[in-house]
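Please view the sequence and the structure before reading on.

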Amino acid sequence: MNETMVCAVGRVATQPVYREMASGPSARFRLAVTARYWDREKNTWTDGHTNFFTVWANRQLATNTAASLTVGEPVIVQGRLKVRTDVREGQSWTSADIDAVAIGHDLAWGTSAFRRAGKAETMPTPTSPEPNWETAPEGSAEPVATQTQHQPETAVLT
């Protein structure tokens, strides 16, 4: 099935609204995406047209979205674009929604501290050593997998 996947970079325009639905958690917020261009006459950056999208998040993404985002924060949203046309009170309305697959802070504007949701888990230890893909035989430009011995490591994620 062909779907229109988009990546929109903008700012959170409304506080995320979180709802517990029969099908699981759902959250939505409005995303403002403003084009910026260099105005040579004024010798400065100028704001262009602003597009608004309603971003929908489901399941764990909805829970994390509601807990992480506030109005004004710069974000990057990737998801499926849905353009709808309705007739309300005799007028035709068009809306652009994004069914989000991924949402994150735009680190070009600041920092973010990632926290894993849920309880801490222990990563499983590998059962066999991983090959070393960076070793190339002499006279060859192609890397060849070679076995390396190393100690298994256990990591605790929080």
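In the hairpin formed by strand 3 and strand 4, 4 residues lie between the strands, and Asn43 adopts a positive phi near 55°. The model described here is a predicted one.

**Overall composition**

The protein chain contains 1 helix and 10 strands. Read from the N terminus, its elements follow the order β-β-β-β-α-β-β-β-β-β-β. The chain has 158 residues, of which 20% count as buried.

**Pairing of the N-terminal strands**

Strand 3 takes part in several pairings. With strand 4 (residues 44-58), strand 3 runs antiparallel and is joined by 13 bridges. Within this pairing, Arg30 stands opposite Thr54 of strand 4. Strand 3 also pairs with strand 2 (residues 17-21), again in the antiparallel sense, over 5 bridges. In that case Glu20 has Pro25 of strand 3 as its bridge partner. Strand 2 and strand 3 likewise form a hairpin, with 2 residues between them. Finally, strand 1 and strand 3 run antiparallel and are joined by 2 bridges, and Arg11 stands opposite Ala32 in strand 3.

**Aromatic contacts**

The structure holds 1 aromatic pair. It consists of Trp38 and Trp45, whose ring centres are 5.6 Å apart; their planes meet at 75°, so the pair is edge-to-face. Trp38 counts as partly exposed because its relative accessibility is 41%. Trp45, at 49% relative accessibility, also counts as partly exposed. Another contact involves a charge and a ring: Arg11 lies over the face of Trp109, at 5.0 Å from the ring centre.

| Pocket | Volume |
|---|---|
| Largest pocket | about 500 Å³ |
| Second largest pocket | about 250 Å³ |

The largest pocket is lined by 17 residues, and those nearest its centre are Asn64, Ser68, His105, Phe114 and Arg115. The elements that contribute two or more residues to this lining are helix 1 (59-68) and strand 6 (91-105). Helix 1 provides the largest share, 6 residues. Sorted by class, the lining of the largest pocket comprises 8 nonpolar, 7 polar and 2 charged residues.

Which elements each supply at least two residues of the lining of the second largest pocket? They are strand 1 (5-12), strand 3 (24-39) and strand 5 (74-88). The largest share of this lining, 4 residues, comes from strand 3. The lining of the second largest pocket divides into 6 nonpolar, 2 polar and 4 charged residues.

Several residues already described return in this second lining. Arg11, Ala32 and Trp109 are among the residues that line the second largest pocket. Arg11 and Ala32 are the residues that stand opposite each other between strand 1 and strand 3, while Arg11 and Trp109 form the contact in which the arginine lies over the ring face. Further members of the lining include Val9, Gly10, Val33, Thr34 and Arg36. Asp47, Pro74, Val75 and Asp106 also belong to the lining of the second largest pocket.

Key. Residues are numbered from 1 along each chain as its sequence is written. This is a predicted model: local features need pLDDT of at least 70, side-chain atom pairs count only at pLDDT 80 or more; totals for chains, interfaces and linings use all residues. Side-chain values use heavy atoms; hydrogens and water are left out. On a 1 Å grid over the protein atoms alone, a cavity is a set of points where a 1.4 Å probe fits but cannot get out, and a pocket is an open set with protein on both sides within 12 Å along at least five of seven lines; lining residues have an atom within 4 Å of a point. Grid points are joined across faces, edges and corners, and a volume is the space filled by probe spheres set on the points. Ala, Val, Leu, Ile, Met, Phe, Trp, Tyr, Cys and Pro count as nonpolar, Asp, Glu, Lys and Arg as charged, and the others, Gly among them, as polar. Two strands pair if DSSP finds at least two bridges between them. Rings of Phe, Tyr and Trp (its six-membered ring) pair if their centres lie within 6.5 Å; planes under 30 degrees apart count as stacked, over 60 as edge-to-face and the rest as tilted. Buried means under 20% relative accessible area, exposed over 50%, partly exposed in between (1.4 Å probe, protein chains only). A charge sits over a ring if NZ of Lys or CZ of Arg is within 6 Å of the ring centre and within 35 degrees of the ring normal.
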